[in-house]
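Here is a short report on one protein model. It covers the sheet, the core and the charged pairs.

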Amino acid sequence: MFVLRVHSVDDNHPITIEEAGFCTVSSTATRSRANPNPKFSERRGLVHLFRGTSQSYQQNPNSRSTCIFVVAVPNYLSSDEFVRFCGSHIDHVEELIFIRNDAMEDRYSVLIKLVDQLTADEFYSNLNGKRFSPAEAEVCHMLFMLSVEYTELAEIASTPPAGFTELPTCPICLERLDPDTSGILSTICDHSFQCSCTAKWTVLSCQVCRFCHQQDERPTCSVCGTVENLWVCLICGFVGCGRYKEGHAVRHWKDTQHWYSLDLRTQQIWDYVGDNYVHRLNQSKADGKLVEMNSPCMSHEAHCGTCECSEDSGISGALFNSKVEAIVDEYNRLLATQLETQRQYYESLLAEAKSKRESLIPETVEKAVASKMQDIQNELDICEEAKKAVADVNSKLIKNQEIMRKKFKEIEEREITSLRLRDATILDLEEQIRDLTVYIEAQKTLTNMTDSDGIKGGTVLPVSYQQSSPTNTRRHKKSSRRKN
């Protein structure tokens with residue numbers, strides 16, 4: 001079920017509608033039940049759409065009412081043309097309000113109050129999912145409203161009621177969501193990046209659609225400025241990075257409670273509360289193309305004859321969807337449980353390792369310090385022993401040096417004495433040689449002399465050399481001293 005809150009400081013202003021030509025097919029019985037004077041009015045305000053979270057959207061008596069909300073009507077369709085679009089059903093309208101937002105120039109919304117539930121169901125069945133114009137792409141999307149509230153406070157209007165969550169009011173963004181989430185049962189386009197139907201709107205006032213359509217402008221995270229892994233909020237258009245970057249998109253959800261975020265790269269929509277994807281399109285494993293999940297029949301009767309559905313196919317589709325949902329739910333629960341278990345396990349391992357590390361740090365430091373001190377002490381002992389050895393060697397060298405000095409002095413003295421004796425011996429030998437030489441020469445002279453008688457009785461006198469070397473003089477002195 002859906003709830004509508006309108007932030008508006010305006011009141012309903014009655015408007016005039018050209019009534020000729022739109023009510024052409026109606027029986028007398030139908031005219032008797034219809035309100036002959038429908039009330040048409042207009043007001044300005046900002047629309048906030050909320051969906052109940054307790055159960056998925058289903059077309060059953062409990063989820064229907066006599067109040068129908070048309071999410072978006074293209075602005076090229078005037079009020080008169082929308083009334084003509086309603087056809088003969090306008091006779092059963094009790095009140096019709098056009099809600100316009102100055103910030104959205106491309107579309108407006110319509111709130112319709114019908115006289116009873118039967119006419120409301122007929123109105124919904126015939127017009128929901130119908131094109132506003134055969135030549136255009138826009139489709140009429142209707143939702144049953146549980147209640148409609150008007151408030152002048154923006155904070156109250158944007159706050160979800162208890163048990164409800166806010167949905168985007170952009171029709172394209174609603175069509176992106178799966179039927180159980182958005183309540184939009186049928187769509188004719190996947191609204192991909194290159195889709196031309198988004199350009200049909202005159203201004204593209206939805207920021208999400210603008211990001212998807214204008215690929216020339218590269219969006220960035222509103223907080224950190226990154227351009228990778230970007231998600232845009234379907235409600236307010238906030239652009240944030242994913243949880244594998246800085247997680248600003250997740251923080252935005254926690255701050256604003258906006259559940260739905262669209263991946264700008266893949267156009268998949270993530271539900272933060274449900275923790276799963278809620279986009280309408282799924283990728284086929286066979287050919288990789290985008291395909292739409294089977295939507296339930298919009299008719300409230302057993303056989304509508306218009307949507308090519310049957311009771312068997314509906315039951316099969318429901319069983320298939322229920323099985324898929326059960327498997328997905330079970331898988332998600334199992335995965336979440338396993339992830340939680342693994343998280344707790346690894347957190348306990350980390351805590352244990354941290355505690356063990358903290359307890360081992362003092363012991364390890366103490367052992368390392370003791371080992372280092374022991375190594376230093378061993379090195380000190382080795383150095384002390386080496387010092388002693390060097391001191392002993394030094395002492396021995398000093399002693400040997402003294403002994404060698406004494407020996408060298410003695411040798412030097414012996415050498416000097418030996419030299420002196422040698423010089424004396426040489427001098428004595430020279431004296432003897434000189435004497436022998438004089439003697440021999442004298443003998444020769446005497447032998448050569450003829451007058452031997454004149455020599456006899458003569459006296460031999462020493463003859464001094466006129467040229468005598470200093471050596472001979474020194475030797476002569478020594479010889480004289482020795483004779484004396």
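Buried means under 20% relative accessible area, exposed means over 50%, and partly exposed lies in between (1.4 Å probe, protein chains only). By that scale Glu-347, at 41% relative accessibility, is partly exposed.

This is a predicted model: local features need pLDDT of at least 70, side-chain atom pairs count only at pLDDT 80 or more, and totals for chains, interfaces and linings use all residues. Residues are numbered from 1 along each chain as its sequence is written, and side-chain values use heavy atoms, with hydrogens and water left out.

**The sheet**

Helices (H or I, at least four residues) and strands (E, at least two) are DSSP runs, numbered from the N terminus. Two strands pair if DSSP finds at least two bridges between them. Here, 9 strands form an open sheet with mixed pairing, in the order S2-S3-S6-S7-S5-S8-S1-S4-S9. Its edge strands, S2 (13–14) and S9 (164–167), each pair on one side only. S2 and S3 run antiparallel, joined by 2 bridges. Pro-14 has Ser-41 in S3 as its bridge partner. S3 also pairs with S6, in the parallel sense, over 6 bridges. S1 (residues 2–7) and S4 (residues 46–52) run antiparallel, with 6 bridges. There, Val-6 stands opposite Val-47 in S4.

**The core**

A nonpolar core is a set of buried Ala, Val, Leu, Ile, Met, Phe, Trp, Tyr and Cys residues joined through side-chain atoms within 4.5 Å. The largest has 42 residues; Leu-4, Leu-49 and Tyr-260 are among those with the most contacts inside it. S5 gives the most to this core, with 4 residues. Domain 1 (2–27 + 34–177) and domain 2 (207–278) both contribute residues, so this core lies between them. Those domain bounds come from an automatic or database domain assignment.

**The salt bridges**

A salt bridge is a side-chain nitrogen of Lys or Arg within 4 Å of a carboxyl oxygen of Asp or Glu. The structure holds 9 of them. Three examples follow.

| Pair | N to O distance |
|---|---|
| Glu-42 and Arg-100 | 2.5 Å |
| Glu-347 and Arg-343 | 2.7 Å |
| Arg-434 and Glu-431 | 3.1 Å |

Glu-42 in strand S3 and Arg-100 in strand S6 are 58 residues apart, so this pair links distant parts of the chain. Arg-100 is buried, at 15% relative accessibility, while Glu-42 is partly exposed at 21%. Arg-434 and Glu-431 both lie in helix H9, 3 residues apart. Arg-434 is partly exposed at 32%, but Glu-431 is buried at 3%. Salt bridges with shared partners also join Glu-340, Arg-343 and Glu-347 into one network.
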